[in-house]
Structure formats: C-alpha cells, structure tokens
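I opened this notebook to keep track of what I looked up in one model. Come along if you like reading geometry residue by residue.

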Amino acid sequence: RQLVLPRKFNSPPEVFHWLPFIGSAIAYGDNPLQFYFDCQQKYGDVFTFVLFGRRITVALGAQGNNFILGGKSTVFNAEDAYRHLTTPVFGRDVIYDVPNEVLMEQKKFIKVGLSADNLRSYVGMIEEEVNEFIKRDPNFSLYQENDNKKWGSFDVVTALSEITILTASRTLQGKEVRDHLDKSFADLYADLDGGFTPINLMFPNLPFESSRRRDLAQNTMSNFYVDIIKKRRASGNNREPDMIAALIEQQYRNGRALSDREIAHLMIALLMAGQHTSTATGSWTILHLAANPDVAEALYKEQVERFMGPDGKMRSPTYEDIRSLPVLDSVIRETLRMHPPIHSIMRYVREDVAIPATLSAPSEDSVYVIPKGNYVFACPAVSQTDPKIWKNSDKWEPYRWSDQEGVAAQAYKAYLNENGEKIDYGFGAVSKGTESPYQPFGAGKHRCIGEQFAYLQLGTIISTLVRAMELKIAKVPDHNYHTLIVMPKEPRIIHYRRRRLD
Ligand code: HEM
C-alpha cells in the first residue's frame, strides 16, 4: 500500500472565549478537571485554550499523556514552563534553573540519597514521629486524656501537613532540620510557601507582598542549610542516613562536586516537592478511610494479622513490610488515581510540533500542528478517571487493584519501567510508563523521583494512624483547585476514637 503523507497543517480546535486576554481562566481556574472533560466532549482529546494571554494546547487520554510526557526536552521543555515559579522558591542553579542535562544529573544525585538502606532506616522514625505527634497535639486531646470511649475531631489537612513536615525532616532532611522545626523554621516555610501559588505561576513579575516575603525567606532558608552543610563538612562525619550526607559526596560528570549553595537549594526543592503532594495524598486517604469504615477495618485487620505478637502488642513494620501490604498499597494507589495532587503537567513548546494522527487529526490528509511559543498541558487526572477506562470511575474502590487481570492492574503494569521498577526517570530514554492511563507521579524524563519515599512515608503514616484510631466522616469533600496542589475543600473534619489505652 502506498503511504499517504498528510499535506495540510491545521491548528488544533480552539476553545471559545469572550474575554481576549483572560480567555478561559475562570472556568479553568475554578475546576480544571471539569473544564478538561467539557472541552473533550466538544473538541476531542486535543484543543487549545487561552489562559492570561498564554496559548495552551491540551492533549488528553493515555495517548495525550504519552505524546507530551514522552516528548523530547528540546521540543516540550519543562524548565521554560516552571523556572519563573520555582527558582525564586528553591534558589539558583538547581532543578529548573539549569538545563535539562544538569537536572538529570541532579536527579541521579538525589537518587543516591533515596537508597534502600536510607529508606529502611526511616520506617521506625516515621512511626515514632506520628505517635509522638498525636500524644502532644491539642487536636488529639483524647490521647492526653487517655480516653478511648469519646469521639474527638481534627482537621485532616492541618494534621497531615504537620505530620508530613515532621516525618520528612526527621528522615530525608536530617536531624538538624528536625531540631529546628520550631516557630522560626515554620514561619520561614510559611513565607516561602506563600510564594509558591498559582498566582506566582501566572504572574511572576508582579510585585506582590507575598513575593517580597518569599524572597527574604528563601535567602534565610538557603543560609540555614548552608550553615548545616558547613558544620557537617567541618565535623568530618558524613554518615547520617539522609539527603545532605548523600549530596555532599556527589560530583557532576566533569568532576565538580556540588557546592554548599546547590545542596541547600536542592534540599529546599525536595522539601517543597514533597510537602503538599504527600499532605494532600495522606489527607485524601484518611478522608476516604473515614467515609468507608469497612476498608479502614480491612486495613486494621491487615496490620493485626501481620504484626500482632502473642503478647497482644503490635510490632513495628519494616521497610519490606510496608512494601508488601496489599490493602495498604491498594488504598494509596486508588487515592492517587482519584486525587493526583498535580492536575496539569506543563511544558513550553520550543519548536513547532505535529500531533500524531492516531491521537487527533482534522482529516486523513492533514494533521494538527502546535506552534512554537505555545504551552502544552498533560492531565493524567483525566485518563485516571475516564469512565471509558475505569468501571465506577468516580467511586473510590481500592479493591479494583487486587484483580490481577483487571484494568487497574494492567494500567499499573504499564506504569512500571522495563525492569518492573516504580521509579524511572530515564536519562534520555522515554520510559514505558508514558503509555499508561495511570500516572500520578508523571512519566518520562521528568517522572517523580520521590515516589518510593512518598509511598514509604504515606504507608507508615497511614498504618500508624489506623492502628491508633477509628475514623468517621459523613462525606468526602470536593476538590479545591485554587491551590497549586489539589486539596480537599473545607470543612474536612474527621471524627476519631482511640482504639486502645496504652
Ligand atoms: C516531579 C508527583 C512526592 C520530588 C513530579 C511530577 C509529578 C509528581 C506528577 C512530574 C512533574 C512534571 O513532569 O512536570 C508527586 C506525587 C507525590 C510526590 C503525587 C506524593 C504523593 C515527591 C517527593 C519528592 C518529590 C516526596 C522528594 C523527595 C520530585 C522532583 C520532581 C518531581 C524533584 C521533578 C522531576 C523533574 O522535573 O524531572 N512529582 N510527587 N516528589 N517530584 Fe514528585
């Protein structure tokens, strides 16, 4: 058969809007998922919309994800899309403030700090932090009162955000950060975080008061880390099982070691990358468990069966345990399916690029072309909740993951790399994971590096909470899309009761 090459180039369909510069900002900003689903109905998987003067082409579905996340960084570029948001927060010379090849080297360095040995040493520390937190936090007063009859209540996001920063600093960030997690660090963190919002992403050059505070906080925090690194170097002891210890040892391919400032900025980047994503995922998980007591009981039973000793006391889980608890694993996977914390993954288009006809084309003899200067957005949340792919797509059903032949298990398999590993940020290679409809940690070159740490941290936090308390809520709240990371809307008050007295 003769190969017929397309002769005509068209622009992807454009979403209708009344207001020239603002475009679809209101519909997109309020509920991007609804906006994507509505546009998909009208225009198909590929369309362009205007967002505060920027032209954004969206490619939906597993093929759309694959097209964008599997793309080359010379065509779909992450640093051009994120730099103006992340550099003022993380600091210079790291992540998106450097060319893609340098980021890939930095990810390799980070991976050393996330070694299995380090992760193995974290489980006990995380468990201890969670237990100590509930024993002292005023919202968990029933633990101080030693009462296991009454029901108390707590705001899930407030509790999980404290638990997340306590556990991340005790482990990855290192003991100096944990020791300083007092008022001054909390204020610095809050100011830095105040400059890490959708407004900063959209209007990086406007002189907001929050941007001034962010810049001051960045400077102080950067010095705080540099000070820790200098003291560590001076002590001659670099054996802590944490990220600073790993980064101090690393060298770029040209033989240059990381500077103290680069290490400091990578540490801030990791703090920011993990904090909201894990807080959100932990909060959604606890909300669903509270709304589905049967699943919470199955999770508790799994803990009892695996860890209860003849003396009636539960032993601590190990790293290997946390990786092999099917109910716990399914609960986290399902939560990430319905609530991936990042709703739009962004790239800047550096070169004109044709959309594969199999994804979307105006006719047999023409293709769509995305012009240089546009942005492209991938949205795995759409394929993760597409009713054509997932049965009861809008229902939280963790048991869908235990059917080995089912859609979920297949999607998960397709998300692993060739070696069956979860983490794949393929240096140059396009990972197999870009073809899956399930991609809560992204895919391809920029795939999340914190996935294993996040699973370990969340798994241990959730196990510890479920061992300690029963949970109750009438309804899981809707999504709040006004923050950079998708959070549950208020009110999100969980009722709890102590399971046992110590
Ligand atoms: C990248 C999700 C936790 C570090 C990403 C991306 C996603 C993601 C979707 C891809 C962004 C893109 O392609 O533009 C998540 C989720 C988490 C989580 C759902 C928790 C449930 C963490 C943690 C860390 C981390 C704990 C650090 C310890 C990073 C880094 C990148 C990244 C450094 C940038 C990679 C790059 O651009 O190449 N994450 N993340 N993440 N994540 Fe995570």
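Below are my entries, grouped by topic.

**Ground rules**

I am working with a predicted model, in which local features need pLDDT of at least 70, side-chain atom pairs count only at pLDDT 80 or more, and totals for chains, interfaces and linings use all residues. Residues are numbered from 1 along each chain as its sequence is written, and side-chain values use heavy atoms, with hydrogens and water left out.

I then placed Cys448 in the chain, and it sits in the loop between helix 19 (407-415) and helix 20 (451-468). For the numbering I note that helices (H or I, at least four residues) and strands (E, at least two) are DSSP runs, counted from the N terminus.

**Neighbours of helix 20**

Next I asked how helix 6 (residues 116-136) packs with helix 20. I read an angle of about 40 degrees, with the axes 9 Å apart. Axes are lines fitted to C-alpha atoms, for helices over the stretch in contact, and angles run from 0 to 180 degrees between N-to-C directions. Helix 6 is therefore oblique to helix 20; on this scale angles under 35 degrees count as roughly parallel, over 145 as roughly antiparallel, 65 to 115 as roughly perpendicular and the rest as oblique. Helix 6 passes helix 20 in a right-handed crossing. A crossing is left-handed if the near helix is turned anticlockwise from the far one by less than a right angle, and right-handed if clockwise.

I listed the contact (heavy atoms within 4.5 Å). On the helix 6 side I noted Leu119, Tyr122, Val123 and Ile126, among others, and on the helix 20 side the residues include Phe453, Leu456, Gln457 and Ile461. By class, the contact of helix 6 with helix 20 has 11 nonpolar, five polar and two charged residues. Ala, Val, Leu, Ile, Met, Phe, Trp, Tyr, Cys and Pro count as nonpolar, Asp, Glu, Lys and Arg as charged, and the others, Gly among them, as polar.

I turned to helix 8, which packs with helix 20 at about 125 degrees, with the axes 11 Å apart. That angle makes helix 8 oblique to helix 20, and their crossing is right-handed. Helix 8 brings Leu160, Ile163, Thr164, Thr167, Ala168, Thr171 and Leu172 to the contact, and helix 20 brings Phe453, Gln457, Ile461 and Leu465.

Helix 17 (residues 326-338) packs with helix 20 at about 115 degrees, with the axes 10 Å apart. Helix 17 also passes helix 20 in a right-handed crossing. Leu328, Asp329, Ile332, Arg333 and Leu336 in helix 17 meet Tyr455, Leu458, Gly459, Ile462 and Ser463 in helix 20. Those residues divide into six nonpolar, two polar and two charged.

I looked up the strand order and got 5-13-10, an open sheet with antiparallel pairing. Two strands pair if DSSP finds at least two bridges between them. Strand 5 (152-155) and strand 10 (469-472) are at the edges with a single partner strand each, so one side of each has no neighbour in the sheet. Four bridges join strand 5 to strand 13 (residues 493-498), and Gly152 has Tyr496 as its bridge partner in strand 13. Helix 8 (residues 156-173) lies across strand 5 and strand 13, at about 70 degrees to strand 5. Helix 20 packs on this sheet too, touching strand 10 and strand 13, and its direction makes about 95 degrees with that of strand 10.

I checked omega and found a cis peptide bond between Glu490 and Pro491, at about -5 degrees. Pro491 is in the loop between strand 12 (487-488) and strand 13. Phe52 is not a glycine, yet has a positive phi of about 45 degrees; I located Phe52 in the loop between strand 2 and strand 3.
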